[in-house]
Amino acid sequence: MLDKMIQKKFPDPKDPAGRSAMGREAAVMGIVLNFIFALSKIVIGTLAGAISMIADGLNNTMDLMSSVIALGGFHFAALPADRRHPYGHARMEYLASFLVSLIIIWTGLSLLWESAKTIIHPDAMETSALAVGVLIASMAGKVFLYRYNVVLGEAMDSELLIATGYDARGDVFATAAVLFSLLVNQLFSLNIDGWMGLVVAGIILKSGWESLMETVDSLLGGKTDPELVRAIMKDIKSYPVALGVHDMMYHDYGANKQFLTLHVEVNSEDDVMKIHQDIDEIERNIAAKYHMDTTIHIDPIRIDD
């Protein structure tokens, strides 16, 4: 249902203007919801003396900052190419995702330290129906943000939104741990607040590390998806003019800024004008199907030698 809602509501994600609008809306939604979650958890957690709830609220504060960074990332990524950046600014999404990952990791380490201190020196904790209600509402909101960002991110091929979505999924489990801590304290008068804080910190650190590794791969230039390579080669070899394909190179400059170069072997005895026409057709079709600028070099070979 959410997939259909996104497809109906938003323009073509491959269109730069539409992509920017989609990214901005997702970021603003994250800012608003995370502000509400953070404020309510920190205030109620402070009144209840629940370090795990305060930690969860601080985590939502970092999520809010991440959404602000994402908002800026989508804005700058949509800027047109200029003299210094002839391939545009689409990689700003990768840089924004990198900063978001660092913020998530820093938050996890901070909460790890605070939770350890709470285990050593536990404080009295109170459980209220309001606190339980806030945590349940937060979990429902985070489930929505998870699905919204992941579905939208996959439609846009945006690592930034996908990372944000999986961070929201981690927050669901983190908040569940806090809720479990409050219920155990209420039912059994057992304070496991600090231990649940460690669980929250571990979930946050895992999410941040995975997001960081994916973003670093994109910035450094990771290995091209083998399935994509096989699909492109299969399409090219379906044309009679193409006798072989080699020296394929793929360059990623961010969303909608992918470049493909390769060599196609052709019969040296065929008419060169006909070969050129066929190769131009292959370039256009590959570019349209895979949304990447395609350049093909012709390698004439003698098939009877």
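Helices here are DSSP runs of H or I with at least four residues, numbered from the N terminus. The model on screen is predicted.

**Stop 1: helix α5**

Select residues 129–156, which make up helix α5. At 1.5 Å a residue, its 28 residues should span 40 Å, and the C-alpha atoms at its ends are 40 Å apart, so expectation and model agree. Now step to D157, which follows α5 and has a positive phi, near 55°.

**Stop 2**

The structure holds 1 aromatic pair. Y148, at 1%, counts as buried.

**Stop 2: the sheet**

Select residues 244–252 for strand β1, residues 258–267 for β2 and residues 293–301 for β3. These 3 strands form an open sheet in the order β1-β2-β3, with mixed pairing. β1 and β3 are the edge strands, each pairing on one side only. From one strand to the next, the twist averages 15°.

Colour β2 by itself. Of its 10 residues, 7 are buried, so the strand is largely enclosed by the rest of the structure.

How does β2 pair with β1? The two run antiparallel and are joined by 7 bridges. To find one of these bridges, pick G244, whose partner in β2 is E265.

Pick T261 and its bridge partner in β3, T295. The chain gets from β2 to β3 through helix α9 (residues 272–290), and this β-α-β crossover is right-handed. Also label F259, which stands opposite D293 in β3.

**Stop 3: helices on the sheet**

Select residues 226–237, helix α8. This helix lies across β1 and β2 and runs at about 135° to β1. Then return to α9, which packs on the sheet and touches β2 and β3. The direction of α9 makes about 150° with that of β3.

How values were computed:
Residues are numbered from 1 along each chain as its sequence is written. This is a predicted model: local features need pLDDT of at least 70, side-chain atom pairs count only at pLDDT 80 or more; totals for chains, interfaces and linings use all residues. Side-chain values use heavy atoms; hydrogens and water are left out. The expected span of a helix is 1.5 Å times one less than its number of residues. Buried means under 20% relative accessible area, exposed over 50%, partly exposed in between (1.4 Å probe, protein chains only). Two strands pair if DSSP finds at least two bridges between them. A crossover is right-handed if, with the strands pointing away from the viewer, the path from the first strand over the helix to the second runs clockwise. Axes are lines fitted to C-alpha atoms, for helices over the stretch in contact, and angles run from 0 to 180 degrees between N-to-C directions. Contact means heavy atoms within 4.5 Å. Rings of Phe, Tyr and Trp (its six-membered ring) pair if their centres lie within 6.5 Å; planes under 30 degrees apart count as stacked, over 60 as edge-to-face and the rest as tilted.
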